[in-house]
Amino acid sequence: MKYPTDVLPAWIADMDLGIAPAIANDLHQRIDCGDLGYPCADLEAKFIDAFSDRYLEKFNTPLDPDLGLVSTDVVQSIVISLLTLTEPGDGVIVQTPIYPPFLHSVEDTGRNLLENALIKSNTSWEINFEELEILASDPRTKLLLLCSPHNPTGRVFTQTELVKVAQICARHNVLVVADEIHCDIVYQPNYHIPFASISPEFAVNVTTMNSATKSFNIAGLRCSVVHFGSAELKARYERYDAPVRGSISSLSLIAATTAWQKGDSWLESTLATLERNREMLSEFIRANSFGIEYLAPQGTYLGWLDFRATKAATAPGEYLLREGRVALSPGSDFGKPGAGWARLNFATQPEILEEIFDRMTSAFK
Ligand SMILES: Cc1ncc(COP(=O)(O)O)c(C=O)c1O
């Protein structure tokens, strides 16, 4: 266990809110019939079809199932795409603060990490397009690792922003890998726009990564999808062939397919809970007198909290753990701009969220 039992965990990005009954039912059925042998190819095909049907129905984005591949998890797909779509020493742009495996995967594969930090205004987090253009224009820059919606800021990028990103990448021949794992956890009036839908010409340079695991709370089952904008990109990725990439269990394929096909009413009610929790967090921050600042996320169930004006400024994660017995994700894990920040997961029961707030309050008293 990462923390002692008296610590309330509010760090790792999964939910305390159970799973959709349809998923439980289909998993039970599979176990009850005693079929836990190797998964047949048609389970993978059904999963990829469920993914492309969902992108079409929910996001109005047709994605060719023949250009999709099953993968164990999104982080694995990011690593493989860096290894196969770029060369050692190539520049890879990430928009910090960022989900830590983006940083590690670039560094661990010997690529050159280029930080295009988001800029915080009073009301939002903005992409620094001028800097993005400068970074992309270096001939050694080969790929942008886009997180959309963005973890940890919760930004849900608009069509105008994504068009600008695509134009910059097109001008400088920079490939885009778009991690859209948070696509379903978006609060109105914001809405997710798949990067692959932004420009039909540029779409051939886009690799989309996604998974039902985040929205449907089945991250422990390990199952995700990679979709390529062209057969050429897919062939490059497949140089790491199936035994190296590993294979997916039948139970995780069933759970993920069911999630996308039959999980939406559960997702809708879960989103309503998350939205209420987001409001509770906003209320807590409005009322706090310790100096914590935050912008409510447009998507994700993650609050990105600014502790720089509090007495916990140097290491807020450590401070809250020590003084409040509550575990947030330390902001410094998310790159340089995360120093003095911490990420709070609010996907829990309202009573537990209240307890987290009480502990934070007593930590600051
Ligand atoms: C942006 C992002 N990508 C990927 C993941 C992890 O996905 P997986 O478990 O499929 O590697 C997370 C988990 O929090 C995430 O926030």
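**A tour from the ligand to the sheet**

Select D73 and the ligand to start: an N or O atom in the D73 side chain lies 3.3 Å from a ligand oxygen atom, a polar contact (a pair of N or O atoms within 3.5 Å). Before moving on, note that this is a predicted model, where local features need pLDDT of at least 70, side-chain atom pairs count only at pLDDT 80 or more, and totals for chains, interfaces and linings use all residues. Residues are numbered from 1 along each chain as its sequence is written, and side-chain values use heavy atoms, with hydrogens and water left out.

Next, click V74: one of its polar backbone atoms is 2.8 Å from an oxygen atom of the ligand. Then pick R222, where a side-chain N or O atom is 3.2 Å from a ligand oxygen. Taken alone, the ligand exposes 390 Å², and the protein buries 94% of that (Shrake-Rupley areas, 1.4 Å probe).

Seven strands make an open, mixed sheet, ordered β2-β10-β9-β8-β7-β3-β4; strands are DSSP E runs of at least two residues, numbered from the N terminus, and two strands pair if DSSP finds at least two bridges between them. Color β2 (68-71) and β4 (112-115): these are the edges, each with a single partner strand, so one side of each has no neighbour in the sheet.

Finally, select 91-94 and 141-147: these are β3 and β7, which run parallel and are joined by four bridges. Zoom in on G91, whose bridge partner in β7 is T141.

Technical notes: Polar contact = N/O pair within 3.5 Å; in protein donor to acceptor, adjacent residues only side chain to side chain.
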